[in-house]
Amino acid sequence: MSSEPIPLSQALASFDAVWSPRIVTRVNNYDVRIAKVEGEHIWHVHDDTDEFFLVLDGELHISLREPDGERTVLLPQGAVFTVPRGTEHKPYAPSGAAILMFEPTGTPTVGDRHDEIPEHVDSTTGHALTT
């Protein structure tokens, strides 16, 4: 962990992969992750932890399957949203976005339960595979 400030713009410029979060720092037992996202992720759920999103650039949509039905929240740049533990959700960014997430260390990007994982995604980490 760095003892110096971390410019998020530089950290984001250091990679191109989408849906492949990078850990920029840790706070106690939590990872602070940044990611570039575009298109759709997969439906997934984190059974034991909430998932915090901050939109750094662009716009993020998060579809949620809740007891009262399905809904989608729209997060413009600068907005935050927390998906409660146990809530099935699918983030997507039709025009691309940069996001920051706050999750317990080791939390898989694809959650504890999820839809079928596309071939271009590592099924262990949920990170996009490079070709």
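Tutor: His 46 sits in the loop that runs between strand E3 (44-45) and strand E4; strands here are DSSP runs of at least two residues, and helices runs of at least four, numbered from the N terminus. This is a predicted model, in which local features need pLDDT of at least 70 and side-chain atom pairs pLDDT 80 or more, while totals for chains, interfaces and linings use all residues. Residues are numbered from 1 along each chain as its sequence is written, and side-chain values use heavy atoms, without hydrogens or water.

His 46 counts as buried because its relative accessible area is 2%; buried means under 20%, exposed over 50%, and partly exposed in between, with a 1.4 Å probe and protein chains only. The side chain of His 46 makes a polar contact of 3.5 Å with that of His 44. Such a contact is a pair of N or O atoms within 3.5 Å; within protein, one must be able to donate a hydrogen and the other to accept it, and residues adjacent in sequence count only through side-chain atoms on both sides.

A hairpin of 2 residues connects E4 to E5, and Ser 63 faces Thr 72 of E5.

The largest nonpolar core has 17 residues, and Phe 53, Leu 60, Ile 62 and Val 37 are among those with the most contacts inside it. Such a core is a set of buried Ala, Val, Leu, Ile, Met, Phe, Trp, Tyr and Cys residues joined through side-chain atoms within 4.5 Å. At least two residues each come from E2, E4 (51-66), E5 (69-76), strand E6 (80-83) and strand E7 (88-104). E4 contributes the most, with 5 residues. A second, separate core comprises 8 residues, including Val 24 and Val 32.

E4 also takes part in a charged pair. Arg 65 and Glu 88 meet through their side chains in a salt bridge of 3.1 Å, N to O; the term requires a side-chain nitrogen of Lys or Arg within 4 Å of a carboxyl oxygen of Asp or Glu. The pair links distant parts of the chain, with Arg 65 in E4 and Glu 88 in E7, 23 residues apart. Arg 65 is partly exposed because its relative accessible area is 35%, and Glu 88 is partly exposed at 27%.

This salt bridge belongs to a total of 9 in the structure. Arg 26, Asp 31, Arg 33 and Glu 103 form a network of salt bridges. Within it, the closest N and O atoms of Arg 26 and Asp 31 are 2.8 Å apart. Asp 31 is buried at 1%, whereas Arg 26 is partly exposed at 40%. Arg 33 lies in E2 (residues 30-40) and is buried, with 6% relative accessibility. A polar atom of the Arg 33 side chain is 2.8 Å from the backbone oxygen of Thr 107.

Conventions. Two strands pair if DSSP finds at least two bridges between them.
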